[in-house]
Amino acid sequence: MSAFTSTARLSKPFLFLLAGIAAIQIIILALFAFMPSEGGGLLPISIGVPVFVLLLSVPMLFATTRLTIDAEQVHAKTFGFFSTTIKRSDIVDAQVGAPTGLGAGAGLRIMGNRTTGYLTGGPNLALELADGTRIAVSTPRPEEAKKALGY
């Protein structure tokens, strides 16, 4: 039972997707800057929507999932505010989960089969709890995390 901490950054497919969204919004802004409306000025919505999308997507480029294992508990936090703390005594099994990608999404995910994910894509640790629920947490080192839990 040793301590373990890891931070998983967004996987490359997510980064490419978000960078593409940001690039499209910048292109839209540039196009509207050169195409004034009939009144001679830019339409507020022409600027507002792309800026809003940029404001939402740029911070996501820096999103992470942090997994901390200590003698008493396991703590997972993703995107800076979705988190859970699990008592180690509630964990009945830990496995290296199948890598997740764009299909599973990122952030806090309700994945079906009583599974909740704290994901940023890529490898993950899958925990099974005594009540039958499962928690998947992105970590770049799932084998080490599993070993830190004693499985």
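**Entry 1: the β6–β7 loop.** I began with N113, which sits in the loop between β6 (107-112) and β7 (115-119). Strands here are DSSP runs of E with at least two residues, helices are runs of H or I with at least four residues, and both are numbered from the N terminus. The phi of N113 is near 55°, a positive value in a residue that is not glycine. N113 is exposed, at 67% relative accessible area.

R114 is not a glycine, yet its phi is positive, about 60°. Its relative accessible area is 53%, so R114 counts as exposed.

**Entry 2: what I am working with.** I noted that this is a predicted model, in which local features need pLDDT of at least 70 and side-chain atom pairs count only at pLDDT 80 or more, while totals for chains, interfaces and linings use all residues. Residues are numbered from 1 along each chain as its sequence is written, and side-chain values use heavy atoms, with hydrogens and water left out.

**Entry 3: the whole chain.** I found three helices and nine strands in the chain. From the N terminus, the order reads β-α-α-β-β-β-β-β-β-β-β-α.

Next I checked the overall dimensions. The C-alpha atoms fill a box of roughly 70 × 25 × 25 Å along the principal axes. The radius of gyration of the chain is 20 Å, whereas a compact globule of 151 residues would have one near 15 Å. That radius is taken over C-alpha atoms, and the globule rule is 2.2 Å times the number of residues to the power 0.38.

Of the 151 residues, 34% count as buried. The chain exposes about 8700 Å², and carbon and sulfur atoms supply 65% of that area. Accessible areas come from the Shrake-Rupley method with a 1.4 Å probe; for residues, only the protein chains shown count as cover.

I also looked at contacts, meaning heavy atoms within 4.5 Å. Among contacts between residues at least 6 apart in sequence, 56% join residues at least 24 apart.

**Entry 4: T133, back towards the loop.** I looked up T133 in the loop between β8 (122-129) and β9 (134-138). T133 is buried, at 19% relative accessible area. T133 and N113 are 20 residues apart along the chain, and their C-alpha atoms are separated by 8.0 Å. Setting aside neighbours within four places in sequence, I found T133 in contact with R114, L127 and E128.

**Entry 5: T78.** Is T78 buried or exposed? T78 is buried, with a relative accessible area of 0%. T78 lies in strand β3 (residues 73-78). Residues up to four places away aside, T78 touches T64, T65, G107, L108, Y118, L119 and T120.

**Entry 6: S11.** T120 came up again here. S11 is in contact with T120, G121 and G122, leaving aside its neighbours within four places in sequence. S11 lies in the loop between β1 (4-9) and α1 (12-34). At 16% relative accessible area, S11 is buried.

**Entry 7: P140.** I placed P140 in the loop between β9 and α3 (142-148). P140 is partly exposed, at 45% relative accessibility. Not counting residues up to four places away, P140 touches S6, T7, A8 and P123.

**Entry 8: A98.** I found A98 in strand β5 (residues 91-100). A98 is exposed, at 59% relative accessible area. A98 and N124 are 26 residues apart in sequence and 6.9 Å apart in space, C-alpha to C-alpha.

**Entry 9: aromatic rings.** How many aromatic pairs does the structure hold? I found one. F81 and F82 form that pair, which is tilted, at 4.6 Å centre to centre and 50° between the planes. Rings of Phe, Tyr and Trp (its six-membered ring) pair if their centres lie within 6.5 Å; planes under 30 degrees apart count as stacked, over 60 as edge-to-face and the rest as tilted. F81 is exposed, at 60% relative accessible area. F82 is partly exposed, at 32%.

Note on methods:
Buried < 20%, exposed > 50% of the residue type's maximum accessible area, 1.4 Å probe, protein only.
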